[in-house]
Amino acid sequence: MESYQAVGPPDGESPDNDRSQVANEEPKRLSREQKFIMVSTASLNFGSMVCYSILGPFFPKEAEKKGVSSTIVGFIFGCFALFNFLTSLIMGKYLVQIGAKFMFIAGMFVSGCVTILFGFLDRAPDGPIFIGLCFLVRAMDAIGFAAAATASFSILINAFPQNVATVLGTLEVFTGLGLVLGPPIGGFLYQRFGYEVPFIALGSIVLFMVPLNMVILPNYNSVPKKDSFLKLIVLPKVAILCLNIFGLSSCIAFLDPTMSLFVLEKFKLPVGYVGLVFLALALPYSLSSPLLGFLSDKKPSLRKWLLIVGAFLTTLCYFFLGPAPILHIESQLWLFILMLVLNGFALAMTGIPIYPEAINSAYENGFEEGLSLLGLVSGLFGALWALGSFVGPTLGGFLNEQLGFEWSAAIQGGFTLLSGLASAIYYTYEAIQRKRSRPGIQLVSEQERTLLLNEA
């Protein structure tokens, strides 16, 4: 992977970590600091996604044994996102004051501890006590994850300002690996050793990564700026991108409490095989992300097309996932897996260009470069991702209970349909405005040329 070496400060001056690093025109090898940042972020992406995704194959069924309804299971999944939403805004606002490295390390530590605690919830009494403890532990996990993720994205973008999408896309491989390995590993450990072992084993892996990151992750010092979330989100392009983030995350999170139950009941697969079905979504996402990130950086004009086409393709996939009863098509395992594969690719198309588009829009509208702005962008998008992750499983669990998976998946696709239409309208309007402004510029140029000739 190509990257850019940061230009050092002039002789006698100390480096300014608050300012995004300036890239040379010629690509060079990664610096030692950049390599360490890549390792730290990769470890977070992998560890957090493994711990997050192990619930999908067996927890809904385990919760049913404890007398928990499908709707409440959806709320338990959504609880993580709700607290993630609130914490992301706070962490993004005060990233500079708290310190990026401390926030990253502390978040990983909390996430690893509460993952282990989740493994002991099967010993809790059935009913309200079990439900209450599930909510409490998931909330703590969300706080830890929000802190680590907000700090991680800010540090990463600060270190790679010229190829944000390429680096994010490359690191999404580890996100995909976590999503890929989490369900089958969790399903296998659950079948072989019971409920506790998956959480204890994977939580311990996250805790093992904490001292590693304490050693290799560099410190970042910065000065707080006066920019705010409100000033950022009122930018039209950023608002559209927030809508895309929301639609993307709600569609992914919708599958957590619903897909495993649908596969078990409809196709009569063992729990261990349900984890393998999750591969159909995560594998295409992780494999396509680096390529889409590279294209997004090399051809910025493609970003709007990736956003729009990805959103509409996601809508189509969710309409055929059931499929929707209005189509009168019988559910088939091969069709279900095909839609998951296409959906994984479509989600990468939508997700990868969002961060560079938002950062460029902020710079164009007068925001100061630096870690403070990156904290705002990371916090805002983390919050919107979490909001979608709350709406997806809670609404999905309710609709699944009332209407069935087929209709609820089709309705869920409406979120990305809305974001795709909004993106198409905005970028069409932007293109029209640019075309209108060009004749005026050319006319002024002609008038200036004529005036200069007359003066000569």
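Colleague: How many helices and strands are there in the chain?

Modeller: There are 17 helices and 0 strands. Helices are DSSP runs of H or I of at least four residues, strands are runs of E of at least two, and both are numbered from the N terminus. This is a predicted model, where local features need pLDDT of at least 70 and side-chain atom pairs count only at pLDDT 80 or more, while totals for chains, interfaces and linings use all residues. Residues are numbered from 1 along each chain as its sequence is written, and side-chain values use heavy atoms, with hydrogens and water left out.

Colleague: Why is N360 called partly exposed?

Modeller: Buried means under 20% relative accessible area and exposed means over 50%, with partly exposed in between (1.4 Å probe, protein chains only). N360 has a relative accessible area of 32%, so N360 is partly exposed. N360 sits in helix α15, residues 354-364.

Colleague: What makes C113 partly exposed?

Modeller: The relative accessible area of C113 is 27%, and therefore C113 is partly exposed. Its place is in helix α5, residues 100-118. C113 and I200 lie 87 residues apart in sequence, and their C-alpha atoms are 9.1 Å apart. For the chain as a whole, 55% of the 456 residues count as buried.

Colleague: Why are α12 and α14 called roughly parallel?

Modeller: The axes of α12 (residues 279-298) and α14 (residues 333-351) cross at roughly 30° and come within 7 Å. Axes are lines fitted to C-alpha atoms, for helices over the stretch in contact, and angles run from 0 to 180 degrees between N-to-C directions. Angles under 35 degrees count as roughly parallel, over 145 as roughly antiparallel, 65 to 115 as roughly perpendicular and the rest as oblique. α12 and α14 are therefore roughly parallel to each other.

Colleague: Which residues of α12 and α14 meet?

Modeller: Contact means heavy atoms within 4.5 Å. On the α12 side, the residues include L281, Y285 and L292, and on the α14 side they include L340, F345 and M349. The residues of this contact divide into 12 nonpolar, 4 polar and no charged. Ala, Val, Leu, Ile, Met, Phe, Trp, Tyr, Cys and Pro count as nonpolar, Asp, Glu, Lys and Arg as charged, and the others, Gly among them, as polar.

Colleague: Where is P323 found, and what kind of peptide bond joins G322 and P323?

Modeller: P323 is in the loop between α13 (303-321) and α14. The G322-P323 peptide bond is cis, with omega about -10°.
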